[in-house]
Amino acid sequence: MTTRSRLGACLATLSLATIGVATEAQAHVSFVTATAKPDATVVLQLQVPHGCDGKPTNELRIKLPEGFYAAKPQPKAGWTLEIIKGDYAEPFDHHGTPMTSGAREIRWKGGDLPDDNYDTFVIQGRIAGVASGNSLAFATTQLCGSQTEAWDQVAASGTDPHTMKNPAPVVNVVADGVEPSAQHHDHAGMHAGMDMGAMETAGAETAAASEPEAGAAATATQASLTVSDAYLKAMLPGQPVGGGYLTIANAGSSDDRLLSVTSGRAGVVEMHEMAMNGDVMTMRKLDKGIVVPAGQTVELKPGGLHLMFMQVGQPFKMGETVPVTLSFERAGRIELALPVESAAPGARRKK
């Protein structure tokens with residue numbers, strides 16, 4: 001049985017400027033990095049380089065193939081996220097727990113991506129049961145008002161996908177030391193003028209950010225407040241927005257309030273709250289800050305209160321630390337160096 005869940009988000013992000021090339025109008029919707037290792041967790045960036053015959057893109061639908069499991073899409077500012085769930089053809093072993101169903105199609109809806117802009121849509125998931133040398137096709141539909149572009153053609157073995165008008169975005173499963181076949185190039189990388197060296201570097205950084213690794217979270221005490229378990233999530237190459245999390249304990253007799261957060265690594269840091277409204281999860285900016293009641297502890301964590309680091313020039317890399325200043329109404333300024341941890345599922349170290 002198919003079920004649906006909706007997730008509305010106000011995750012502040014910026015559309016990337018269009019990369020101007022002569023063949024841009026014919027550029028395909030495809031993945032930034034088109035290769036992945038067998039039985040590995042991957043973060044896929046689907047790039048949309050244009051609209052439909054000049055019209056802005058309002059909706060993007062991606063069907064997830066068998067062999068791609070435990071999918072989690074990334075919310076986007078101004079778009080409603082719909083996750084269509086269903087049964088897998090074969091059970092998937094997810095960290096020792098059999099999974100028989102999950103996300104089968106992802107839809108970003110209600111947005112407005114102009115034809116002269118470029119953006120990426122991100123999904124994290126696990127490739128399982130797919131041997132090296134095979135590929136996974138993600139049939140994608142791009143909706144621009146009443147007009148539709150279907151990227152769903154799959155090249156037969158020995159066929160050059162460049163001869164196809166609307167090839168489906170493909171991920172090639174390649175073991176270490178094995179080169180992908182010539183028919184499995186990244187279309188958008190070619191049409192948008194990206195050099196292969198840059199693509200390989202981006203792929204290596206993405207893979208590194210997906211490897212679980214423990215870290216020592218930042219801790220600081222000032223006045224009646226103790227800030228602990230503070231950390232950031234590793235970001236994808238080119239990603240301008242990152243998430244930050246921490247716990248604030250107030251041992252005093254008066255309430256305090258986190259007024260602002262700054263960092264030399266981000267142009268803006270905002271405080272956000274994610275909450276369920278019926279079957280829709282919304283995220284909103286907290287312009288008045290976050291209250292820390294006397295004698296209580298407030299936790300900023302994924303799915304609830306959290307920090308959004310925006311206009312990040314150099315994406316946070318796993319293993320490094322990022323300087324952050326918290327400004328409180330009573331306790332004043334607290335400075336910490338937040339460690340960057342893996343963005344992979346299950347990678348969060350235990351407190």
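Colleague: Which strand runs parallel to β16, and how many bridges join the two?

Modeller: Strand β25 (residues 332-341) does, and two bridges join β25 to β16. Strands here are DSSP runs of E with at least two residues, helices are runs of H or I with at least four, and both are numbered from the N terminus. Two strands count as paired if DSSP finds at least two bridges between them.

Colleague: Which residue is the bridge partner of K233 in β25?

Modeller: E341 is the partner of K233 there. Before we go on, this is a predicted model, where local features need pLDDT of at least 70 and side-chain atom pairs count only at pLDDT 80 or more, while totals for chains, interfaces and linings use all residues. Residues are numbered from 1 along each chain as its sequence is written, and side-chain values use heavy atoms, with hydrogens and water left out.

Colleague: Fine. What else pairs with β16 in the antiparallel sense?

Modeller: Strand β15 (residues 218-222) runs antiparallel to β16 over four bridges, with A220 opposite V227. Strand β17 (residues 242-250) is also antiparallel to β16, over six bridges, and S228 faces T247 in that pairing.

Colleague: How many residues sit between β15 and β16 in the hairpin?

Modeller: Two residues, and A223 in that turn has a positive phi of about 55 degrees. Most residues other than glycine have a negative phi.

Colleague: Which residues have the most contacts inside the largest nonpolar core?

Modeller: F309, L326 and F328, in a core of 34 residues. Another core lies apart from that one, with 28 residues including L46, A103, V130 and V171. A nonpolar core is a set of buried Ala, Val, Leu, Ile, Met, Phe, Trp, Tyr and Cys residues joined through side-chain atoms within 4.5 Å.

Colleague: What does F328 touch?

Modeller: Leaving out residues up to four places away in sequence, F328 touches L225, V227, I248, D256, R257, L258, L259 and I334.

Colleague: New topic. How many aromatic pairs are there?

Modeller: Eight. Rings of Phe, Tyr and Trp (its six-membered ring) pair if their centres lie within 6.5 Å; planes under 30 degrees apart are stacked, over 60 edge-to-face, and the rest tilted. One of the pairs is F31 and F138, edge-to-face at 5.2 Å centre to centre and 85 degrees between the planes. F31 is in strand β3 (residues 30-31) and F138 in the loop between β11 and β12 (140-144), so that pair ties together parts 107 residues apart in sequence.

Colleague: Which charged residue sits over the ring of F121?

Modeller: K76, with its charged end 4.9 Å from the ring centre. That label requires NZ of Lys or CZ of Arg within 6 Å of the ring centre and within 35 degrees of the ring normal.

Colleague: Last one. In what order do the three strands of the open sheet with β4 come?

Modeller: The order is β4-β14-β11, with mixed pairing. β4 (35-36) and β11 (135-137) are at the edges with a single partner strand each, so one side of each has no neighbour in the sheet. β4 runs parallel to β14 (residues 170-173) over two bridges, and T35 stands opposite N172.

Methods: Buried < 20%, exposed > 50% of the residue type's maximum accessible area, 1.4 Å probe, protein only. Contact = heavy atoms within 4.5 Å.
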